Amino acid sequence: MGTPTDSPQTGRRPLTRQRLVDGAVALADAGGIDSLTMRSLARELGVKPMSIYHHVANKEAVLDAMVDSVFSDIELPPANVGWSEAMRQRADSTRTALLRHRWAIGLMQSRTSPGPATLQHHDAVIGCLRRAGFSIELAAHAFSALDSYIYGFVLQEITLPFDDAEQTQEVTEAILYQLSPADYPYLSELAAEHVLQPGYDYGDEFAYGLGLILDGLERSAEASDR
């Protein structure tokens, strides 16, 4: 016998686990992870709170499923390119997913019950590096260095006090107005000669920093082969 939300007479879509997870992700995307409670999720889905427990045991299970959903959005390292390009594409995809789901960055590596998409993702990254000749130890170092950089960069992006070029210029000019170039000559120089130049976008720094890490990993991989 179905729950009331499963009845066609209600005019509502049946509550499924996937619909539940999608609703939780949408709620967190809109209002942050703190906006997610079992009651707020029930309101989002248009069901009674107890209906949720037909599909998940508790809120922790919802969070596990949400994180797994985000990992499913991240492209796996492609097999038809070299490891460095594969890691670059995977980094770009991870950044895109984390910017889309800004609540996720604090949860992605915190779960103790990872789902199938999470496990597949991690296995694919390690497999890409191992097939490229990375030792187990170097693959672990590479995975850690890359994720530390990606997550750290995105965390910085989402907490900066500007979102676009116009806001960047406004904030920078406001800060410069309060500074004396004589007291902070290098900071003033960087702002005037770099940040305030046409076409500046802080997000462009991501590719540069990622390139440094990939170049360093390549040298480490080559050294280990000698």
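## Exercises on rings and pockets

Ring pairs link Tyr149, Phe153, Tyr202 and Phe206 into a cluster. Keep in mind that this is a predicted model.

**Exercise 1.** Decide which kind of aromatic pair Trp83 and Phe134 form, and where the two residues sit.

*Solution.* Begin with the count: the structure holds five aromatic pairs. In the pair of Trp83 and Phe134, the ring centres are 4.8 Å apart and the planes stand at 70°. An angle over 60 degrees counts as edge-to-face, and that is the class of this pair. Next, find the residues: Trp83 belongs to helix H5 (residues 83-100), while Phe134 lies in the loop between helix H6 (116-131) and helix H7 (136-159), 51 residues apart. Finally, both Trp83 and Phe134 are buried.

**Exercise 2.** Work out why the pair of Phe153 and Tyr202 has its class.

*Solution.* The ring centres are 5.1 Å apart and the planes meet at 5°, so Phe153 and Tyr202 are stacked. This pair also links distant parts of the chain, with Phe153 in helix H7 and Tyr202 in the loop between helix H9 (185-195) and helix H10 (205-225). Both Phe153 and Tyr202 are buried.

**Exercise 3.** Describe the linings of the largest pocket and the second largest pocket by residue class.

*Solution.* Take the largest pocket, with a volume of about 330 Å³. Its lining has 13 nonpolar, three polar and no charged residues. Now turn to the second largest pocket, at about 220 Å³. Its lining divides into seven nonpolar, two polar and five charged residues. Among the residues nearest the centre of this second pocket are Glu157, Asp163 and Asp164.

Definitions and conventions: Residues are numbered from 1 along each chain as its sequence is written. This is a predicted model: local features need pLDDT of at least 70, side-chain atom pairs count only at pLDDT 80 or more; totals for chains, interfaces and linings use all residues. Side-chain values use heavy atoms; hydrogens and water are left out. Rings of Phe, Tyr and Trp (its six-membered ring) pair if their centres lie within 6.5 Å; planes under 30 degrees apart count as stacked, over 60 as edge-to-face and the rest as tilted. Helices (H or I, at least four residues) and strands (E, at least two) are DSSP runs, numbered from the N terminus. Buried means under 20% relative accessible area, exposed over 50%, partly exposed in between (1.4 Å probe, protein chains only). On a 1 Å grid over the protein atoms alone, a cavity is a set of points where a 1.4 Å probe fits but cannot get out, and a pocket is an open set with protein on both sides within 12 Å along at least five of seven lines; lining residues have an atom within 4 Å of a point. Grid points are joined across faces, edges and corners, and a volume is the space filled by probe spheres set on the points. Ala, Val, Leu, Ile, Met, Phe, Trp, Tyr, Cys and Pro count as nonpolar, Asp, Glu, Lys and Arg as charged, and the others, Gly among them, as polar.
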